[in-house]
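Colleague: Could we go through this model together, one question after another, so that I can learn how each answer is reached?

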Amino acid sequence: MEVDKALVPLFIETEIPKGVKQIGSGVFLEFQSEPFLFTAAHVTDELKEGRLLVPTVNGLCEIDGYLAHVDLLPEMFREDDTLDMAYYRLSSQFASELCFDFFPLQKKVEIIPSALELGVVSVVGYPASKSKRKGKLHRSELAYYRGVAAEKEVYDQYDLSPEHHVIVKFNHKNTVSPITEKKVNSPSPRGVSGGAMFAWPDGHEISTDWSLPKLVGIFHTYKKKEGLLIGSSVISYASATMLGKMKGYGGVK
């Protein structure tokens, strides 16, 4: 599936303690005819601790490109940032190397005027609990979380905007396998931050045809007690990339 190939696991390499571990997800896409990796800002904040790596033709490599995210005021914490948005405008060379295992989304991106128009939405990414290591080889596994888009009252409750956010109701106790149609234990969404939020068209709410849904947001927050998956809409990223373009993406080509 094209959506599978567009989801990229993100790893952090640190010196103290020395090692590599998976910490997030990213969405590889061709947006406005340029290569990007969309993710969450709390994932890229980890650059303070080490290097962010992704799988390429040359193994796990540091991401090469222009990084943009929302800067915080000194008195703020990332938890206070309701957009939690970051992106890399990848260098063309690095994007080519990333294409060894992945393939960018191209025509499956939709800028929606309001998330209140959505019905069923799937969040897709790499949970940290599924990451495994054998020697120097790291493996990960995608997980899919499907739920119903929240109504306006939920947005109002958390002071979020349906124009800039996407909220999905998800009950981890009622997760059903699309293959066996039996209840399963869904993995924790920890590590899925920066993953994709795909909206299913009306009439295809329980479909397994992944050629149908379109990217409408990037996931960043899971409220387990409330049963909510929260992300920022593509329009927020579109605005951010326009600003980056005005800056020439720091000279990245």
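This is a predicted model: local features need pLDDT of at least 70, side-chain atom pairs count only at pLDDT 80 or more; totals for chains, interfaces and linings use all residues.

The questions below take up a sheet, then a strand and one of its neighbours, and then some charged pairs.

Colleague: Before we look at details, what kind of model is this?

Modeller: Please keep its origin in mind as we read each value.

Colleague: In the open sheet of 7 strands, what is the order of the strands?

Modeller: The pairing in this open sheet is antiparallel. Strand 5 (59–62) and strand 6 (65–69) stand at the edges with a single partner strand each, so one side of each has no neighbour in the sheet. From one strand to the next, the twist averages 35 degrees. Read across the sheet, the 7 strands follow the order 5-4-1-2-3-7-6.

Colleague: Which residue in strand 2 is the bridge partner of P9?

Modeller: Strand 1 covers residues 7–15 and strand 2 covers residues 18–31, and the two pair in the antiparallel sense over 9 bridges. Within strand 2, the bridge partner of P9 is S25.

Colleague: What angle does the direction of helix 5 make with that of strand 7?

Modeller: Helix 5, which is made of residues 234–246, packs on the sheet and touches strand 2, strand 3 (34–40), strand 6 and strand 7 (85–90). When the direction of helix 5 is set against that of strand 7, the angle is about 50 degrees.

Colleague: How many bridges join strand 12 to strand 15?

Modeller: Strand 12 (residues 165–169) has 4 of its 5 residues buried, so it is largely enclosed by the rest of the structure. Strand 11 (residues 143–149) runs antiparallel to strand 12 and is joined to it by 2 bridges, with A149 standing opposite V168. Strand 15 (residues 228–233) also runs antiparallel to strand 12, and here H165 stands opposite S232. The number of bridges that join strand 12 to strand 15 is 5.

Colleague: Is S233 buried or exposed?

Modeller: S233 has its place in strand 15, and it touches E163, H164, H165, V166, V216 and G217, leaving aside residues up to four places away in sequence. Its side chain reaches the backbone oxygen of E163 at 3.1 Å. A residue counts as buried when its relative accessible area is under 20%, and because the value for S233 is 1%, this residue is buried.

Colleague: Where do E13 and R51 lie, and how far apart in sequence are the parts that the pair ties together?

Modeller: A search of the whole structure finds 8 salt bridges, and in one of them the side chains of E13 and R51 meet at 2.4 Å, N to O. E13 lies in strand 1 and R51 in strand 4 (residues 51–56), so the parts that this pair ties together are apart in sequence by 38 residues.

Colleague: Which residue is linked with E13 and R51 in a network of salt bridges?

Modeller: E13 counts as partly exposed at 24% relative accessibility, and R51 also counts as partly exposed, at 35%. The residue linked with E13 and R51 in the network of salt bridges is E62.

Colleague: How far apart are the closest N and O atoms in the salt bridge of D81 with R78?

Modeller: R78 also meets D45 in a salt bridge, at 2.8 Å, N to O. R78 lies in the loop between strand 6 and strand 7 and D45 in the loop between helix 2 (41–44) and strand 4, so this pair ties together parts 33 residues apart in sequence. Both R78 and D45 are buried, and D81 is buried too. In the salt bridge of D81 with R78, the closest N and O atoms are apart by 2.7 Å.

Technical notes:
Residues are numbered from 1 along each chain as its sequence is written. Side-chain values use heavy atoms; hydrogens and water are left out. Two strands pair if DSSP finds at least two bridges between them. Axes are lines fitted to C-alpha atoms, for helices over the stretch in contact, and angles run from 0 to 180 degrees between N-to-C directions. Contact means heavy atoms within 4.5 Å. Buried means under 20% relative accessible area, exposed over 50%, partly exposed in between (1.4 Å probe, protein chains only). A polar contact is a pair of N or O atoms within 3.5 Å; within protein, one must be able to donate a hydrogen and the other to accept it, and residues adjacent in sequence count only if both atoms are side-chain atoms. A salt bridge is a side-chain nitrogen of Lys or Arg within 4 Å of a carboxyl oxygen of Asp or Glu.
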